[in-house]
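Okay everyone, thanks for coming. Let me put the structure up and walk you through a few spots.

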Amino acid sequence: MDPVFFIVALGAMVAGFVQGLSGFAFGMVAMSFWAWGVEPHMAAAMSVFGSLTGQLLAAFTVRRKFHLATVLPFLIGGVVGIPIGVSLLPQLDVTLFKLCLGCILVIFCPVMLFSTRIPPIRHGGRVADAVVGAIGGILGGIGGFTGIAPTLWCTLRGFDKDKQRVVIQNFNLGALLVTMGVYIGTGMITRDMLPMFAIVAPAMLIPTLIGTRVYIGISDQTFRRIVLTLLTCSGLAMLAASVPKLLGG
């Protein structure tokens, strides 16, 4: 068996569970595996495909009351940001991008994780939500990282786990559908990627469903800790993949 196939399947399994549990983070977790053996543009396409597959599964297994007024600003911003991210991808230094994003996550998330006195942000309203959605869209266009900015923002807003899940799950689903459509329309999805997609989908199926079952039984505080810990670990993984390449280059 080609070692790359094993890396792809293992990354999809772990990322599927994490996405089922948290509602996001498939791309970040999967990339921490795929960065070691998969070409960046292939990994970006698989990340979007896997994230979208996981969101579709979660939409049917973890149903929470939909709040259009809450989700809509994020979605509008995401639709604006996605084409920007897609256009940036061919010119982007992926290693430098991971370094910068990893640094932000490693510095910012532990501060939020260990501080219980950070007051929730009440200002900015729907305009701020739309700006965060646009940032999520840009990151999604680059590599399926749609959930990072909205998740951090929802945590700063002080949303409970169900409200945060509604925002993240529906934003990610909408943004990833648009991103996949743009990828297909611009020719970024090619036939040689289909065998990899055929590995990702079945590998992540059961782990994603298990993750959604675990989510239902946890408290708001536990969910917050899981989300921030996942983001921190993802940042560390990005640094581990990018720093040696930059130092060696």
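Let's start at tyrosine 215: lysine 161 lies over the face of its ring, 4.4 Å from the ring centre. Arginine 165 lies over the face of tyrosine 215 too, at 4.4 Å from the ring centre. By "over" I mean NZ of Lys or CZ of Arg within 6 Å of the ring centre and within 35 degrees of the ring normal.

Quick housekeeping: this is a predicted model, with local features needing pLDDT of at least 70, side-chain atom pairs counting only at pLDDT 80 or more, and totals for chains, interfaces and linings using all residues. Residues are numbered from 1 along each chain as its sequence is written, and side-chain values use heavy atoms, leaving out hydrogens and water.

Now, the rings. How many aromatic pairs does the structure hold? Four, where pairing takes ring centres within 6.5 Å (six-membered ring for Trp), and planes under 30 degrees apart are stacked, over 60 edge-to-face, the rest tilted. Phenylalanine 26 and tryptophan 34 are edge-to-face, because their centres are 6.1 Å apart and their planes at 70°. Phenylalanine 74 and phenylalanine 171 are edge-to-face as well, 6.5 Å centre to centre with 70° between the planes. Phenylalanine 74 is in helix α4 (residues 68-88) and phenylalanine 171 in helix α8 (residues 161-185), so this pair ties together parts 97 residues apart in sequence. Helices here are DSSP runs (H or I, at least four residues), numbered from the N terminus. Both phenylalanine 74 and phenylalanine 171 are buried, meaning under 20% relative accessible area, with exposed over 50% and partly exposed in between (1.4 Å probe, protein chains only).

Notes
Helices (H or I, at least four residues) and strands (E, at least two) are DSSP runs, numbered from the N terminus.
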